[in-house]
Amino acid sequence: MSAELDMSQYVDLFLQEAEEQLEVLEQETLILEREPTPERLQVIFRAAHTLKGSSRAMGFSRFAELTHETENILDQLRNGTLTIRTDIADRLLECIDTLGKMAEQIREGNGDAVECGNLVEQLHAIGNGGEAAPALKLIVAPKAAKSMIPADLVPVLQEALAEGPILHARFRLHPDCVMKYVRAFMALSVAQEHGEVLVTAPDLEALEEERFELDFEFAIQSKDSAEDILAKFKEIGEVESVTVDVWAPPTEEDEPDAEPQAQTANTAAAPPSGEAPASSGATRKGETGQTVRVDVARLDNLMNLVGELVIDRTRISQIGIEISQRYQDREVDALQETVGHIARITADLQDQIMKARMMPIETVFNRFPRVVRDLAQKLGKDVKLDLVGGETELDRSVIEVIGDPLLHILRNSVDHGVEAPAERSKVGKPAQGRVIVSARHQENHIVIEIIDDGKGIDLERVRTKAVNQGLITSDQAAKMSDKEALQLIFHSGLSTAAEVSEVSGRGVGMDIVRSNIQKLGGVIDLDSTPGEGSRFSLRLPLTLAIIRGLLVDVNGHVFVLPLGSVIETLFLDPSQVQRINRREVIVIRGQTTPLLRLRNVFEVCNGGDQADSYVVVVGLAEQRVGLVVDRLIGEQEVVIKSLSRFCGETVGVSGATILGDGNVALIVDVNGVIPSDR
């Protein structure tokens, strides 16, 4: 029997599994340092054991060697011969980093070519303080359950029995196992090293196609002892239980009722940490069977197609309205009804695709605990990080972009905001600083806040720095409100750090952060109280693909204003327009609001009547600006098409869309328009 297998086809699956398990390892190790529990150690140990098994199966020897040494340390922690310490946590995290680099090399087709000899020696040195422990406590069922080997193959085994002893190996995989055939293949490979595999149950084809639940069996003709082969089988990851017995032809007495035996095996295999029994594992399998992994590129293509469908829906709807206005006929009514139905179906389809692309923001948040731990350690600070609202979902296109800006703000909060323990104690604060990162939905946006209880921002220092660097004059600095002075933090080149460090202080970063947030159509705001801390608030759209916009007419040209930025609209009475510092303003309910005429911004002044009849008040953080337009057309869902590929970056324009009449309209970048007038 041959079990040749092209393992290259499993590389992607291996890398997916490695990514998931490494994430589990890092998250649980970070918590383990503060809250060591047997359950957490069991989770970490299992993740390391799974990585070791799958990397061995794939032939990545360095990966397997490093996970094996990691597993040894974890096992000593588990059995109490070692106690978790900072230096041990550091080495474990270093192992995780190195394994991540190996996975990256494997992804690039270079194998696991990352040097890890020093790290392995360090793990050896740590482990020398503890006693060796068994690799994995697999519990062998005391009495075998009913054999899965078909009765029609028993005569074949009986005939082979005359040539030598036959061993019967039975496996039950862990319910969370995602590479079932790889595990079965590993078992087959081990079996073939010790003899000839005579029979598999289910058959090899069913194993290859993973047409089995958790159990499979081999009959092996071998002269080696069952104990030796069992020891090798125990090295395979994600195996819940395994037995190796001498095979004998079945008798009626050897075929007891299957149900009680299965229960005995499950009970015996249950780990002491209180894991879910096999029966609940079967339920979980059923649940996971209802989901599928989909290539991200396919989702992107699907989203593009839905975007085209939304454009056509708008077009068809527009044509339907025009026809119904011209003709009164039953057929026209039927057409209108059908158009309405298509519009509803398209909206539902769009909604479902949008949901399929949604991801919890915890995929970004999970990067933060490690960063804060390492940074606090480097700076000699004690910082507690709280993550709130990780289950909040937003489109993956936003997730991909938001990670780095958030990380930069977080690093600044730990570096500039939170004080050292001695400094905090001196002013009566707890020695441990606190940083909170939270996310929540608010209407059609997501709001992310990063709050620290540090020393806040010294506004006088900010003003002085800005003056010294020539960004503003002394007179301007004196007239600036505290809120306006805080905005200087986002100015390119401004830094209040006394010394340039590895972390920050070069005056680069916050301007890029704001720029990236604005490119997403989001808004960033900052509040700070000296001695009490700072709060960064980010307001981001849930998706970048399709938005609701307010269509306005400016001298015959249609522009789209993102509805998320629109606060209110009002009729413009020319007598209400006043001038302050040669700028037009209007007073709305006692608040002076500067006016900005879109016809001047986009230079569409030639020809046509200059009606300027309406004001659309838009907001950027706490700023309010009234955009003057000729006419309000109405709200509409629009598909954003990027122009940067054809026209480069254009200030004040975030993209374009196709309208129901087939014409193209520019989508106004409110963030870009407002600063240009300041």
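A crossing of two helices is called left-handed if the near helix is turned anticlockwise from the far one by less than a right angle, and right-handed if it is turned clockwise. Helices (H or I, at least four residues) and strands (E, at least two) are DSSP runs, numbered from the N terminus.

The structure is a predicted model, in which local features need pLDDT of at least 70 and side-chain atom pairs count only at pLDDT 80 or more, while totals for chains, interfaces and linings use all residues. Residues are numbered from 1 along each chain as its sequence is written, and side-chain values use heavy atoms, with hydrogens and water left out.

The protein contains 24 helices and 22 strands. Of its 678 residues, 46% are buried, that is, under 20% relative accessible area, where over 50% is exposed and values in between are partly exposed (1.4 Å probe, protein chains only). Contact means heavy atoms within 4.5 Å. Among contacts with a separation of 6 or more, 71% join residues 24 or more positions apart.

Strand β1 (residues 166-173) is mostly covered, with eight of its eight residues buried. In a regular strand the side chains alternate between the two faces of the sheet. On one side of β1 lie Ile166, His168, Arg170 and Arg172, and on the other Leu167, Ala169, Phe171 and Leu173; all are buried. Two strands pair if DSSP finds at least two bridges between them. Strand β1 is joined by seven bridges to β3 (residues 215-222), and the two run antiparallel; Phe218 of β3 is the bridge partner of Ala169. Seven bridges also link β1 with β4 (residues 239-246) in the antiparallel sense, and here Arg170 has Thr243 as its bridge partner.

A further element is an open sheet of five strands in the order β6-β8-β9-β11-β10, with mixed pairing. Its edge strands, β6 (383-388) and β10 (523-529), each pair on one side only. From one strand to the next, the twist averages 10°. Strands β6 and β8 (residues 433-442) run parallel and share six bridges, and Ile436 in β8 is the bridge partner of Asp386.

Helices pack on this sheet. Axes are lines fitted to C-alpha atoms, for helices over the stretch in contact, and angles run from 0 to 180 degrees between N-to-C directions. Helix α15 lies across β6 and β8 and runs at about 165° to β6. Helix α21 touches β10 and β11 (533-541), and its direction makes about 140° with that of β10.

Helix α1 (residues 11-34) packs against α15 (residues 368-379) at an angle of about 45°, with the axes 9 Å apart. That makes α1 oblique to α15, because angles under 35 degrees count as roughly parallel, over 145 as roughly antiparallel, 65 to 115 as roughly perpendicular and the rest as oblique. The crossing of α1 and α15 is left-handed. Glu26, Leu30 and Glu33 in α1 meet Pro369, Arg370 and Arg373 in α15. By class, this contact has two nonpolar, no polar and four charged residues; Ala, Val, Leu, Ile, Met, Phe, Trp, Tyr, Cys and Pro count as nonpolar, Asp, Glu, Lys and Arg as charged, and the others, Gly among them, as polar.

Helices α16 (residues 396-417) and α21 (residues 510-519) pack at about 145°, with their axes 10 Å apart. Ile402, Pro405, His408, Ile409 and Asn412 of α16 make the contact with Met510, Val513, Asn516 and Ile517 of α21. The contact of α16 with α21 has six nonpolar, three polar and no charged residues.
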